[in-house]
Amino acid sequence: AGYVLVLGAGVNGTEPSLALTQRLEAALAYLQAHPQAQCIVSGGMGQGEQITEARCMFNWLTRQGVDPARIWLEEQATSTWENLAFTLALIQENTGRRPETLAVVSSEYHLYRAGLMARQMGVQALGVPANTYPVIDRIYYTYREILALWGYWIFGMTN
């Protein structure tokens, strides 16, 4: 994909949480393997965060050697739906067209729902999984994601 979206997760002050670090590690590997891809980091600022999730991801990726020109920041989104919608708008604003395909970096348990939302927006999502560890966290978040999927299917929830 020509564009890779990194979905935000918690920030502890100005540093990425474990979940966000795991996503950033997956994003870095993708960017190294696909040097032509433009990266969009997406996430606003939540409670207890001193900077936006997007700014935190930008800072982390550039410290790892990613060229700042390869990273666009989307700093308003507060949900997965907004991550996707605002990112697609940002790409269209910067390029004049909307992509047909978008690589999406997120925790492995979250990619299915993110892909459903992308498809609903008319975009094919290519999932780039971030491994969740420790295993107990993966189990907990997988169960939580199942509930979120039911909410999405039944009520059309977009978080």
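The following exercises, each with a worked solution, concern a predicted model.

**Exercise 1.** Determine which residues have the most contacts inside the largest nonpolar core, and which elements give two or more residues to this core.

*Solution.* Step 1: The largest nonpolar core has 27 residues, and those with the most contacts inside it are Val4, Cys39, Val41 and Leu61. Step 2: Two or more residues of this core come from each of strand E1 (3–7), helix H1 (18–33), strand E4 (38–42), helix H2 (53–63), strand E6 (101–107) and strand E7 (124–130). Step 3: H1 provides the largest share of the core, seven residues. Step 4: Another core, of 19 residues, lies apart from this one and includes Leu84, Leu88, Ile91 and Leu149.

**Exercise 2.** Identify the buried residues of H2 and the elements against which they pack.

*Solution.* Step 1: The buried residues in H2 are Glu53, Ala54, Cys56, Met57, Phe58, Trp60 and Leu61. Step 2: These buried residues of H2 pack against E1, strand E2 (11–12), strand E3 (15–16), H1, E4 and strand E5 (71–74). Step 3: Consider leucine 61, one of the buried residues in H2. Neighbours within four places in sequence excluded, leucine 61 is in contact with Leu24, Leu28, Leu31, Cys39, Val41, Val66 and Ile71. Step 4: After H2 comes glycine 65, which has a positive phi, near 100°.

**Exercise 3.** Describe how helix H3 and helix H4 cross, and state which residues make the contact.

*Solution.* Step 1: Two packed helices are described by the angle between their axes and the distance between the axes. Step 2: The axes of helix H3 (residues 80–95) and helix H4 (residues 111–120) cross at roughly 45° and come within 10 Å. Step 3: This angle makes H3 oblique to H4. Step 4: The crossing in which H3 passes H4 is right-handed. Step 5: Thr80, Trp81 and Leu84 of H3 make the contact with Ala114, Met117, Ala118 and Gln120 of H4. Step 6: Of the residues in this contact of H3 with H4, five are nonpolar, two are polar and none is charged.

Definitions and conventions:
Residues numbered from 1 in each chain as written. Predicted model: local features only at pLDDT ≥ 70, side-chain atom pairs only at ≥ 80, totals over all residues. Heavy atoms only, no water. Core = buried A, V, L, I, M, F, W, Y, C linked by side-chain atoms within 4.5 Å. Buried < 20%, exposed > 50% of the residue type's maximum accessible area, 1.4 Å probe, protein only. Helix = DSSP H or I, 4+ residues; strand = E, 2+ residues; numbered from the N terminus. Contact = heavy atoms within 4.5 Å. Axes fitted to C-alpha atoms, helices over the stretch in contact; angles between N-to-C directions. Parallel < 35°, antiparallel > 145°, perpendicular 65-115°, else oblique. Left-handed = near helix turned anticlockwise from the far one by under 90°. Nonpolar A, V, L, I, M, F, W, Y, C, P; charged D, E, K, R; others polar.
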